[in-house]
Amino acid sequence: MTKNFEDFPVYLKSLELIEKVYQFLKSKDLEKEFEFDNQIKRAGFSISNNIAEGSEYNNNKQFIKYLKIAKGSCAEVKSMMIVSKKLKLGEEVLADEIINLSREVSSNISNFIKYLNANIEKPQS
C-alpha cells in the first residue's frame, strides 16, 4: 500500500512550519530584510518539497536521500531563527516556536529515515 506524501505526518508538520515562518515574516522589523525573507522561505519550502519529491520515486534509498536534504533545510530554518533572535528581528516568542517546530520536524524525518532504512530490500545472495 503506497501512501501519498500528503498523508505523511512529517509532511503535514512541515507545512505547519512554513506557515509559522510566514507568520514570523509579517513583523515590521523584517520588512526590508529581503535576503533573510527569501532565504528562510526557500529553506522552509525545501523541507516540504523534498519530502514530496522523494516520495514519488517509490524507492526507499532515493526517498532517504531527499529526506536528508529536507533535514538539512530544517537546520537552516532553525539557524536563521537563532540569528534573528541575536539580531532582535521579529517576534522572539514566534522565533522560539519555529525553532522548536524545526527540531520536531527534523526528529520526525530522522525517525522516518530509520523506518525506511529498516525496510530497504536486501539483495538476495
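Ala95 lies in helix α4, where helices (H or I, at least four residues) are DSSP runs numbered from the N terminus. The model is a predicted one, in which local features need pLDDT of at least 70 and side-chain atom pairs count only at pLDDT 80 or more, whereas totals for chains, interfaces and linings use all residues. Residues are numbered from 1 along each chain as its sequence is written, and side-chain values use heavy atoms, with hydrogens and water left out. With a relative accessible area of 0%, Ala95 is buried, a term that denotes under 20% relative accessible area, as against over 50% for exposed and in between for partly exposed (1.4 Å probe, protein chains only). When residues up to four places away in sequence are not counted, Ala95 touches Phe24, Met81, Ser84 and Lys85, contact being defined by heavy atoms within 4.5 Å. Between Ala95 and Tyr11, the C-alpha to C-alpha distance is 21 Å, and the two are 84 residues apart in sequence.

Phe24, leaving aside its neighbours within four places in sequence, is in contact with Leu30, Phe36, Met81, Ser84, Leu89, Gly90, Glu91, Leu94, Ala95 and Ile98. Together with Ile47, Ile51 and Ile109, Phe24 is among the residues with the most contacts inside the largest nonpolar core, which has 36 residues; such a core is a set of buried Ala, Val, Leu, Ile, Met, Phe, Trp, Tyr and Cys residues joined through side-chain atoms within 4.5 Å. Two or more residues are given to this core by each of α1 (9–25), α2 (34–55), α3 (60–86) and α4 (92–118), and the largest share, 10 residues, comes from α4.

The packing of α3 and α4 has an angle of about 165°, with their axes 9 Å apart, where axes are lines fitted to C-alpha atoms, for helices over the stretch in contact, and angles run from 0 to 180 degrees between N-to-C directions. α3 is thus roughly antiparallel to α4, the description applied to angles over 145 degrees. The residues of the contact of α3 with α4 comprise 16 nonpolar, six polar and seven charged, with Ala, Val, Leu, Ile, Met, Phe, Trp, Tyr, Cys and Pro counted as nonpolar, Asp, Glu, Lys and Arg as charged, and the others, Gly among them, as polar.

For α1 and α2, the packing angle is about 170° and the axes are 9 Å apart, and these helices are therefore roughly antiparallel to each other. Among the residues that make the contact are Tyr11 and Phe24 of α1 and Phe36, Ile47 and Ile51 of α2. By class, the contact of α1 with α2 has 15 nonpolar, three polar and two charged residues.

Note on methods:
Angles under 35 degrees count as roughly parallel, over 145 as roughly antiparallel, 65 to 115 as roughly perpendicular and the rest as oblique.
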